[in-house]
Amino acid sequence: MVVATRHAGELLPAYEAVVIGTGYGGSVAASRLARMGLRTAVLEQGRHWRAGDFPTTLRGRRRQMRLTGRAPRIGDPAGLYYLSVGKGLTVFGASGVGGGSLINAGVALRPDTTLLRRAGWPQAVLSDGLLAEGLARGEAMLGVAQVPAPERFGKYAAMRLLATAAGRPAGLSRMTIAHSPGPTVTGILQYACRCCGDCWSGCNLGAKGTTAVSYIADAVDHGASLFAQSRAHSIARREDGWEVVVEDLEDRGTRHAIRAPVVVLAAGTMGTNEILFRARRDGLALSDRLGERFSANGDDLVFAGDMPDPVHGVAIGYPSQAPRGAPAVGPHSMALIDLGDDDGPLWLHDGTMLTAMATLAPLKELLRFNLPRAFALLRSGIFGEALRHTQVLYIVSHDDAGGKLRFENDRLWVDWPGYSTSPLRLRAERKVKAVIEAAGATFHSNPFAMTAFGGNRVIAHPLGGAGMADTVDTGVTSPDGLVFDPTKGPTGVHDGLYVLDGAAIPSSVGVSPLLTITGLAERAMMLAARRIGRPLDVEASLGRPLRDAAM
């Protein structure tokens with residue numbers, strides 16, 4: 001990919017807009033503000049990762065991992081992966097140009113607005129038609145499609161067997177993965193997916209439709225300046241707009257102050273909330289609801305062992321790390337089963353097992369004193385018979401957004417010790433366990449929730465903390481994405497300060513949230529264009545010369 005990045009030392013003193021973060025919300029804002037003609041700076045804490053650069057070994061991935069939250073701060077602050085350790089939950093995420101899109105499964109599903117209405121979302125968001133338009137724009141920009149000929153893969157056959165046991169059909173996920181070579185809407189050439197299964201550790205082929213090759217590329221094409229390894233430390237209100245203090249992670253200890261009348265917070269749910277908590281500590285008036293209504297989007301991870309037929313669910317990577325002749329695995333999450341009922345949504349997705357996860361499988365069995373199983377796993381290896389019949393399953397369902405974010409000693413962490421025992425999570429686990437056993441397989445609960453691994457459930461869809469609402473008494477962010485200012489009354493806002501990522505989502509959404517975040521950011525930018533009186537033309541400019549995504 002040839003999207004140009006700059007060094008933090010090249011930052012100008014002032015811009016017309018500053019966007020913090022390059023995930024789904026930040027990338028939309030960067031593209032749309034640049035298309036409005038605003039001189040825009042885009043800040044990203046992580047590095048600029050190109051296809052072929054993502055780590056493929058356990059050692060390489062460990063070097064790119066950092067710990068935050070309640071844990072000691074260990075690791076490279078610009079590293080690709082992070083674990084934010086809290087009480088009851090640990091959040092897994094990514095830093096890099098593209099944010100979470102670099103390491104997710106790319107599942108892009110539209111939310112059920114009936115569920116959002118029941119969860120108390122602002123009526124304006126659900127009724128003005130702009131969210132639907134934003135979702136459609138997101139699908140077009142991200143290149144959403146289904147995997148062709150899924151019957152090629154053992155994982156799909158396993159999902160069909162589970163669906164039959166549940167009395168439900170097996171559907172196909174719509175994903176941001178290219179299955180034929182060609183240009184993105186921004187003219188970057190994507191290669192066809194090789195079905196290696198490594199979607200969630202970084203696509204080394206360049207087949208994934210990340211925000212880097214879509215919205216961020218579009219932002220740079222329209223004049224935005226992209227600064228990697230540039231972490232936004234704090235924001236403050238000044239007479240002439242907003243001041244953002246930026247840490248230069250390539251030149252440790254160096255900070256730069258820049259100003260702009262428009263600032264978009266989209267540093268990921270954890271990063272955005274941390275910046276807001278720091279701003280409130282330093283005197284910015286914000287809602288008392290900051291940090292409340294944190295949701296894990298009903299996330300969980302389970303395994304179906306002893307499946308009757310081979311699943312081939314261990315990711316082989318690109319280039320392949322598997323023995324010669326090993327079958328293709330397929331994309332990380334190609335299929336889904338709708339197990340929802342009157343108690344709420346419940347989606348079951350297939351997954352792949354990274355080689356690092358497969359390597360830990362014998363240790364998990366040893367910790368459970370299942371010695372025969374542990375020795376069988378050690379003997380057969382990660383691509384051997386013992387794991388060949390194991391299917392990774394991801395649960396995306398519903399929770400009550402009962403978590404809280406704590407900010408203490410300049411550290412942000414999730415406080416939700418009751419998540420594992422909450423009735424909604426247990427209901428989802430029971431239903432999935434029944435399906436797995438009805439299919440003749442063996443249910444294995446989330447291994448990362450074991451006491452030996454820290455006891456926390458690891459989630460990948462953190463939402464909330466700065467949720468949307470109609471008034472400052474019930475939320476942090478207005479329906480238009482602007483941050484409430486309690487000194488201006490119930491609906492008053494801070495001029496030019498936006499939250500446009502998962503932090504603004506006030507509940508679980510019942511599906512993987514990437515498209516919801518994208519659609520909300522698109523909606524906010526449509527309204528922003530009207531507010532400042534700037535035209536916003538989002539027609540895809542096809543026909544330009546192709547640029548190589550692998551460069």
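Y81 is buried, and F92 is buried too. These two residues open a tour of a predicted model. Their rings have centres 6.2 Å apart and planes at 20°, so the pair is stacked. Y81 belongs to strand β4 (residues 81-85) and F92 to strand β5 (residues 89-94), so the pair ties together parts that are 11 residues apart in sequence. In total, the structure holds six aromatic pairs. A pair of aromatic rings is described by the distance of the centres and the angle of the planes.

Another of these pairs joins F277 and F407. The ring centres of F277 and F407 are 5.6 Å apart and their planes are at 15°, so this pair is stacked. F277 sits in helix α8 (residues 268-281), while F407 sits in strand β19 (residues 404-408), so the pair ties together parts that are 130 residues apart in sequence. F277 is buried, with a relative accessible area of 9%. F407 is buried as well, at 18%. The cut-off explains the label, because buried means under 20% relative accessible area.

Ring pairs also build a cluster. Its members are Y81, F92, W200 and Y394. Rings take part in another kind of contact, with charged side chains. R70 lies over the face of W413, 5.0 Å from the ring centre. The charged end of R237 sits over the ring of W242, at 4.7 Å from its centre.

R70 leads on to K87. The loop between β4 and β5 holds K87. K87 is partly exposed, with a relative accessible area of 33%. In sequence, K87 and R70 are 17 residues apart; in space, their C-alpha atoms are 8.0 Å apart. Leaving aside its neighbours within four places in sequence, K87 is in contact with R70, W413, V414, D415, W416, P417 and N456. The ring of W413, which R70 lies over, therefore belongs to a residue that K87 contacts, where contact means heavy atoms within 4.5 Å.

Now turn to helix α1 (residues 24-35). At 1.5 Å a residue, its 12 residues should span 16 Å; the end C-alpha atoms are 17 Å apart, which agrees. How many residues of α1 are buried? The count is 12 of the 12, so the helix is largely enclosed by the rest of the structure. Among them are Y24, S27, R32 and R35. The cover over α1 includes strands β1 (17-20), β2 (40-43) and β13 (262-265). It also includes helices α5 (130-142), α7 (212-221) and α13 (514-532). After α1 comes G37, with a positive phi near 90°.

Helix α6 (residues 154-166) makes a second example. It has 13 residues and reaches 19 Å from its first C-alpha to its last, close to the 18 Å expected at 1.5 Å a residue. Its buried residues are G154, K155, Y156, A158, M159, L162 and A163. An α-helix has 3.6 residues a turn, so residues three or four places apart point the same way. What covers the buried residues of α6 includes β6 (170-172), β16 (335-338), β17 (347-351), β18 (391-396) and α12 (423-438). α6 is followed by G167, whose phi is positive, near 70°.

Next comes the nonpolar interior. In soluble globular proteins, nonpolar side chains tend to be buried together. The largest nonpolar core here has 134 residues, and V18, I20 and V244 touch the most other members. Helix α13 gives the most to this core, with nine residues. Leaving out residues up to four places away in sequence, I20 touches L43, A232, I235, V244, V263, V264, L265, A266, A267 and I275. A second, separate core has 18 residues, including A94, L102, A315 and M353.

Last come the cysteines. A disulfide is a covalent bond between the sulfur atoms of two cysteines. How many disulfides does the structure hold? It holds zero. C196 shows why: its sulfur is 6.4 Å from the closest cysteine sulfur, in C203, too far for a bond. C196 counts as buried, at 15% relative accessibility. For C199, the closest cysteine sulfur is in C193, at 5.9 Å, and that is again too far for a bond. C199 counts as buried too, at 8% relative accessibility.

Technical notes: Residues are numbered from 1 along each chain as its sequence is written. This is a predicted model: local features need pLDDT of at least 70, side-chain atom pairs count only at pLDDT 80 or more; totals for chains, interfaces and linings use all residues. Side-chain values use heavy atoms; hydrogens and water are left out. Rings of Phe, Tyr and Trp (its six-membered ring) pair if their centres lie within 6.5 Å; planes under 30 degrees apart count as stacked, over 60 as edge-to-face and the rest as tilted. Helices (H or I, at least four residues) and strands (E, at least two) are DSSP runs, numbered from the N terminus. Buried means under 20% relative accessible area, exposed over 50%, partly exposed in between (1.4 Å probe, protein chains only). A charge sits over a ring if NZ of Lys or CZ of Arg is within 6 Å of the ring centre and within 35 degrees of the ring normal. The expected span of a helix is 1.5 Å times one less than its number of residues. A disulfide is a pair of cysteine sulfur atoms within 2.5 Å. A nonpolar core is a set of buried Ala, Val, Leu, Ile, Met, Phe, Trp, Tyr and Cys residues joined through side-chain atoms within 4.5 Å.
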